[in-house]
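Here are my notes on the model, point by point. Please read them with the coordinates open.

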Amino acid sequence: MTPVPDIILNNGQPIPQLGFGVFLIRPEETAEAVSTALETGYRHIDTAEMYGNEREVGEAIAKSGLSRGDVFVTSKLNNGSHRPEDARQAFSQTLEALGFDYVDMFLIHWPLPMKYGGDFVSTWETLAEFYREGRARSIGVSNFQAHHLRRLHAQSDVPPAVNQIEISPYLTQDDLRVFCIEHQIAVEAWSPLAKGGELLVDPEVRRIANETGKTPAQVVLRWHVERGDIVFPKSVKPARIRENFDIFDFELSGDDVAAISALDRDQRTGPDPDTFTG
Ligand code: NDP
């Protein structure tokens, strides 16, 4: 199978463009799902304290026989731990649960502008400590809007390496993506398949799937990759874990990419980052 390309982050660190997401995988199912992903060839796992399965992610990696340095692991600061002292404790617990002495990427999970007096900058500066200490090889944010990023830019010397935001053909996020790209912040697309469901039976997606001989999920993941975004679809089904990995042996035409982008309806599956309170 064709290898997964790396994206080079603004601090020079490479990240595999395709990873495996473990949101809503129950802890007792996580080690097996992650083991299947690693056997398939995934070398990037996206977890979070909120998902309750960091320990099982770490166990599967330890058991895989791979070196720690072969797998890129992201975790995220939970919404209740934004105050600097809480963030330090939460980060240590994340490392302990994973069984690692560093993570490849650590993110602020949500900006929570309506909590903590709207102060996500102090939280960010705390992540910058972890970065300087080498315990987080890169740091970034998730669910940040352009105006949140502008504030970080104005008030901190450390730029986020990524912004992990909801993106799918039904929510193309063109303006926010352009902002990130212009500011050298790599874009990570969460829920890239719009959580399964109606996107995967959309007539336009199915037409392109028929024409390319790939599945609707593969077509949608390929669309993300051709736009340059980083993706980590989730599945607990081994056949789908393999299917979602098999997207580097075909290309979409420019017309197909445009046709999929035209499906945009500004439709979120998750909360609005400007009002979400955790
Ligand atoms: P996805 O868009 O990855 O969709 C997952 C759903 O689609 C599951 O129900 C899965 O079912 C189904 N599915 C997966 N592959 C296929 C396939 N080939 N054909 C048909 N159905 C399929 O949604 P997620 O919300 O899980 O997002 C992916 C990752 O993004 C998360 O795991 C997490 O790492 C991250 N994320 C981050 C957020 C943030 O706030 N930063 C928020 C949400 C997600 P099944 O398991 O039964 O196969």
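**Notes on the fold and its side-chain contacts**

1. β3 and strand β4 (residues 44-46) pair in the parallel sense, over two bridges. Strands are DSSP E runs of at least two residues, helices are H or I runs of at least four, and both are numbered from the N terminus. Two strands pair if DSSP finds at least two bridges between them. F20 has I45 in β4 as its bridge partner.

2. A word on provenance. This is a predicted model: local features need pLDDT of at least 70, side-chain atom pairs count only at pLDDT 80 or more, and totals for chains, interfaces and linings use all residues. Residues are numbered from 1 along each chain as its sequence is written, and side-chain values use heavy atoms, with hydrogens and water left out.

3. The open sheet has eight strands, in the order β3-β4-β5-β6-β7-β8-β9-β10, with parallel pairing.

4. Helix α3 (residues 84-98) lies across β5 (72-77) and β6 (105-108). It runs at about 145° to β5. Axes are lines fitted to C-alpha atoms, for helices over the stretch in contact (heavy atoms within 4.5 Å). Angles run from 0 to 180 degrees between N-to-C directions.

5. The structure holds nine aromatic pairs. Rings of Phe, Tyr and Trp (its six-membered ring) pair if their centres lie within 6.5 Å; planes under 30 degrees apart count as stacked, over 60 as edge-to-face, the rest as tilted. Y42 and F245 are tilted, because their planes are at 45°, with centres 4.8 Å apart. Y42 is in the loop between α1 (27-40) and β4, and F245 is in helix α9 (residues 238-245), 203 residues apart. Both Y42 and F245 are buried (under 20% relative accessible area; exposed is over 50%, partly exposed in between; 1.4 Å probe, protein chains only). Ring pairs link F20, Y42 and F245 into a cluster.

6. F91 and F130 are a stacked pair, 4.1 Å centre to centre, with 10° between the planes. F91 lies in helix α3 and F130 in helix α4 (residues 121-133), so the pair ties together parts 39 residues apart in sequence. F91 and F130 are buried.

7. Where does H183 lie? H183 is in the loop between α6 (174-182) and β9 (186-190). Its relative accessibility is 28%, so H183 counts as partly exposed.
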